[in-house]
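Thanks, everyone, for making the time this morning. Let me put the model on the screen, and then I will talk you through it.

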Amino acid sequence: QVQLVESGGGSVQAGGSLRLSCVASGYTYSSYYMAWFRQAPGKEREGVAALYTGDGSTYYADSVKGQFTISQDNAKNTLYLQMNSLKPEDTAMYYCTATRTLARAQKDWRYGWRYNYWGQGTQVTVSS
């Protein structure tokens with residue numbers, strides 16, 4: 001059973017940076033699609049960025065391109081999300097998620113229901 005544990009959230013002022021981490025354990029296969037989603041109060045869950053651990057391919061929501069960077073450290077089984085120039089609208093609970101396959105990754109990475117494993121989330125609060 002894959003387990004995902006997020007950390008790194010917190011409270012920052014607008015313009016600040018945070019780096020979220022997601023430590024994965026219990027992997028059965030060598031490659032997974034991993035992603036970060038976020039959900040703000042009263043809003044739908046939103047896919048932020050995804051990465052395929054097999055070849056490092058990355059995918060981003062248009063709203064965070066150039067602002068967020070997703071990366072991995074295979075040796076540590078850790079997924080990261082570097083978030084720069086944070087804005088109040090980035091305030092949300094951020095979740096790490098993983099799935100073994102995505103038939104059409106370019107299109108499907110942003111749909112939460114495609115993923116099988118979820119962490120508990122880490123809160124990010126950006127004040128103006």
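This is a predicted model: local features need pLDDT of at least 70, side-chain atom pairs count only at pLDDT 80 or more; totals for chains, interfaces and linings use all residues.

Residues are numbered from 1 along each chain as its sequence is written, and side-chain values use heavy atoms, with hydrogens and water left out.

As for the overall fold, the chain holds one helix and eleven strands, where helices (H or I, at least four residues) and strands (E, at least two) are DSSP runs numbered from the N terminus. Read from the N terminus, the order of the elements is β-β-β-β-β-β-β-β-β-α-β-β. The C-alpha trace spans about 45 × 30 × 25 Å along its principal axes. The radius of gyration, taken over C-alpha atoms, is compared with a globule rule of 2.2 Å times the number of residues to the power 0.38; for 128 residues a compact globule would come out near 14 Å, and the chain, at 14 Å, agrees with that.

Of the 128 residues, 45% are buried, a word that here means under 20% relative accessible area, with exposed meaning over 50% and partly exposed in between (1.4 Å probe, protein chains only). If we take contacts, meaning heavy atoms within 4.5 Å, with a separation of 6 or more, then 57% of them in the chain are between residues 24 or more positions apart.

Now to the disulfide, defined as a pair of cysteine sulfur atoms within 2.5 Å. The structure holds one such link, and it joins Cys22 to Cys96 with an S to S distance of 2.1 Å. Because Cys22 lies in strand E3 (residues 18-25) and Cys96 in strand E9 (residues 92-99), the pair ties together parts that are 74 residues apart in sequence. The torsion about the S-S bond is -75°, and the link of Cys22 and Cys96 is left-handed. Are these two cysteines buried or exposed? Cys22 is buried at 0% relative accessibility, and Cys96 is likewise buried, at 0%.

Setting aside neighbours within four places in sequence, Ala35 is in contact with several residues, including Cys96, Tyr95, Leu79 and Tyr115. By contrast, the C-alpha atoms of Ala35 and Ala14, which are 21 residues apart along the chain, are separated by 24 Å.

In the loop between E3 and strand E4 (33-39) we find Ser31, which counts as buried at 13% relative accessibility. Beyond residues up to four places away in sequence, Ser31 touches Tyr52, Thr53, Gly54 and Arg100.

Finally, some backbone angles. Most residues other than glycine have a negative phi. Asn77, however, has a positive phi of about 50°; Asn77 sits in the loop between strand E7 (68-73) and strand E8 (78-83) and is partly exposed, with a relative accessible area of 40%. Ser85 also has a positive phi of about 50°, and Ser85 is found in the loop between E8 and E9, where its relative accessibility of 47% counts as partly exposed.
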